[in-house]
Amino acid sequence: MHYFCGIDIGAATAKLVIIDEHGQTVAKSISRSGVDYAKAAEKNLADALAAAKLNRTDLCHSFSTGYGRDNVPWSDGRPTEIACHGRGAWHHIRRKMTLIDIGAQDSKMIHLDDQGRRTNFKMNRKCAAGTGSFLEEIALRLALPVEDLNELAENSGKDVTLGSFCTVFAATEILAKIRAGEKVEDIVKGAFRSVVKRIAEMGLPDGALVMTGGVVAHNPYLATLIGESFGQPVVVPPDPQHIGAFGAALFAMDKIKSGGKPCS
Amino acid sequence: MATTTERKDFEATKKMKAIMGQYFTDLTTGPAQGKKTAWCTSVGPAELLRALGFNVYFPENHGAMLGATRMAPDLIPLANARGFSPDICSYLTSDIGSYLKGESPFQKMKLSGPPKADVLVFNTNQCRDVKDWFQFYAREWNVPCIGIHTPRSLGELDEPIIEDVATQIKGLIAPLEQIAGQKLDPEKLRAIMELSRQCTVLWKAVLETAANRPTPITFFDGTIQMGPAVVLRGLPEAVDYYKLLLAELQQCVANGVAAVADEKYRIYWEGMPIWGKLRDLSTQFQNLKTAVVASTYCNSWIFEDLDPADPFRSMARAYCRLFICRSDDRKEKYMEEMVAKYKVDGILYHDSKTCPNNSNNRYQMPQRLEQKLHKPYLVVHGDLNDLRLYSEEQARTNIEAFIEQLAERPAHG
């Protein structure tokens, strides 16, 4: 059996997936990206190999993606995260789709045609509005663990609007809401709605509406709100936070199929 | 990115550096020799000013130098602090910042700095900012600031518009003669117009060598090579230079010398250059085997209407035909022709934060052209000079992902 590895080093976390020659995930790992991307890659690889009971020599090819894609010494290919998220999602959902990926630092809207080819894509502009960093900042301001946000938002019974584009100003707005006596869960839902608005202004969905990324993996309620906003249900593929790494692993596997160096 | 490919300069570039160096020297030594200096917007009535014996200085060229040397981000805040918003033209803010701090790329050439103006002459065909920019110096030095108010968003170049702009240009003659201390010699004007026209013809031919596959020249080369077309048009030096460069490029074409090794994709660059990142972007495109073969920007100094037999009306026509002051339907038609002529695979729009008039992605043009031409597009957010508005990593990933997208298209297998 041949194995392939994909690693996605994002702004906040590094995700790694090992797949077999049938494209099945055999192990995955995740860690903070930290400041030393090569070290994070090494740790993820060691963790996943141990979990799969594999040796490094069992890996045929490894591809890296994400902001740290150029910092993985053992990478055989470095497609962008745009390509990898598309590839990973297409493996699960073989339909024309609009893929929304919300990561720690950027949001992407990727359009794939009915052959899985990218027809257009858009990333958020220079600021972190509409990304995971925004929600992290809100959690910090409200002195809440990030993992509590989803449940709080789900339990909100009232819409509180956060109007600012800017993460820092939105945090200031939150202080005003607290002073006005708004409930924490309503403010959190307001923050979710703010992310949804930033996503909605990126473009229009065409085909299936698919969501991936760490934010939706940990906050499934956000997918519900996105679905409401676009007026169609959201499909979330398995392991949405690892979809970029999975796509990178699939590209590594494709390398064999497209006449690359055969595995020994 | 695995490898980095550096390109050699064209042989002709040595000559360009020499004539540009002489131009800057003449500008700074001119006043001591009794020469009057006119500041002129880059698409202003340079021919008229030369005919009246002025040394002609183009502050936009200085703005680009401040951007390319990455001095701009330190200088812009000085202008911001004096009331010039960070949201307005960063050529303006970096140039005024340069003046306030007394630092300029001129000093790297062992020259004192940009020459003080005896008169500032603008044309608003590009934007209102050029006028505001010149008026600052007019107040500062108590010198006249005069110019041409060109209508914008022009569709057809109708006679009344040409007549109006030609009348405005003629209206400059009397005040300029007074400042110059000499009368306008119509023969001299015609001779200068002829040299400008020849410069235009040659500059266009230089850019058109990029229609070849592989191209011998890219947009990034063009931003440097256009210097004489901007600041020396109307002078024989520019004509001689482009003859030399054109011959070299034609030889490159004949010998199959590629600007981008193993050229696979061809891009149109719409909008301003990101001056402080030219080298990085050029290298990135080289490594992606992608040639930026055409641009609105480099083509903006082609003035085919110039006609020595009809100087004022032809100048009006030439400076109204500019892409930047045309309506979107005219701009789209122009780009459609360029995409076909240069065999372009995709269009990159630079949304330059402080240059709305040169950012054509904001009113749905990319979507309209994509639908019509079936060419994908990418919008890169940045700025001509203010690198605080540019996210390196975002731009790099976007460009890389765009080329991946081109590779996925059926035409490329």
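**A buried serine, an open sheet and a chain interface**

A:Ser107 lies in strand 6 (residues 107-112) of chain A. Strands here are DSSP runs of type E with at least two residues, and helices are runs of H or I with at least four, both numbered from the N terminus. The model is predicted: local features need pLDDT of at least 70, side-chain atom pairs count only at pLDDT 80 or more, and totals for chains, interfaces and linings use all residues. Residues are numbered from 1 along each chain as its sequence is written, chains are lettered from A and ligands numbered from 1 in the order in which they are written, and side-chain values use heavy atoms, with hydrogens and water left out.

A:Ser107 is buried, with a relative accessible area of 1%. Buried means under 20% (1.4 Å probe, protein chains only), exposed means over 50%, and partly exposed falls in between. The A:Ser107 side chain reaches the backbone oxygen of A:Gly130 at 2.5 Å. Beyond its neighbours within four places in sequence, A:Ser107 is in contact with several residues, including A:Asp101, A:Lys122, A:Thr131 and A:Met202. Contact means heavy atoms within 4.5 Å.

In chain A, five strands form an open sheet with mixed pairing, in the order 7-6-5-8-9. Strand 7 (118-123) and strand 9 (234-235) of chain A stand at the edges. Each has a single partner strand, so one side of each is left without a neighbour in the sheet. Strand 8 (residues 208-212) of chain A pairs with strand 9 of chain A in the parallel sense, over two bridges. Pairing requires at least two bridges found by DSSP between the strands. A:Leu209 has A:Val234, in strand 9 of chain A, as its bridge partner.

Chain A also meets chain B. Here 21 residues of chain B are in contact with 20 residues of chain A. The area buried between the chains is about 1,800 Å², and carbon and sulfur atoms give 44% of this. Buried area is the accessible area (1.4 Å probe) that two parts lose on being put together, summed over both. In chain B, the most area is lost to chain A by B:Gln394, B:Gln405 and B:Glu408, together 29% of what that side buries.

Four salt bridges link chain B and chain A. In such a bridge, a side-chain nitrogen of Lys or Arg is within 4 Å of a carboxyl oxygen of Asp or Glu. One joins the side chains of A:Arg69 and B:Glu400 (2.9 Å, N to O). Strand 8 (377-382) and helix 18 (392-408) of chain B each supply at least two residues of the side that touches chain A. Helix 18 of chain B gives the most, with 11 residues.

Notes. A polar contact is a pair of N or O atoms within 3.5 Å; within protein, one must be able to donate a hydrogen and the other to accept it, and residues adjacent in sequence count only if both atoms are side-chain atoms.
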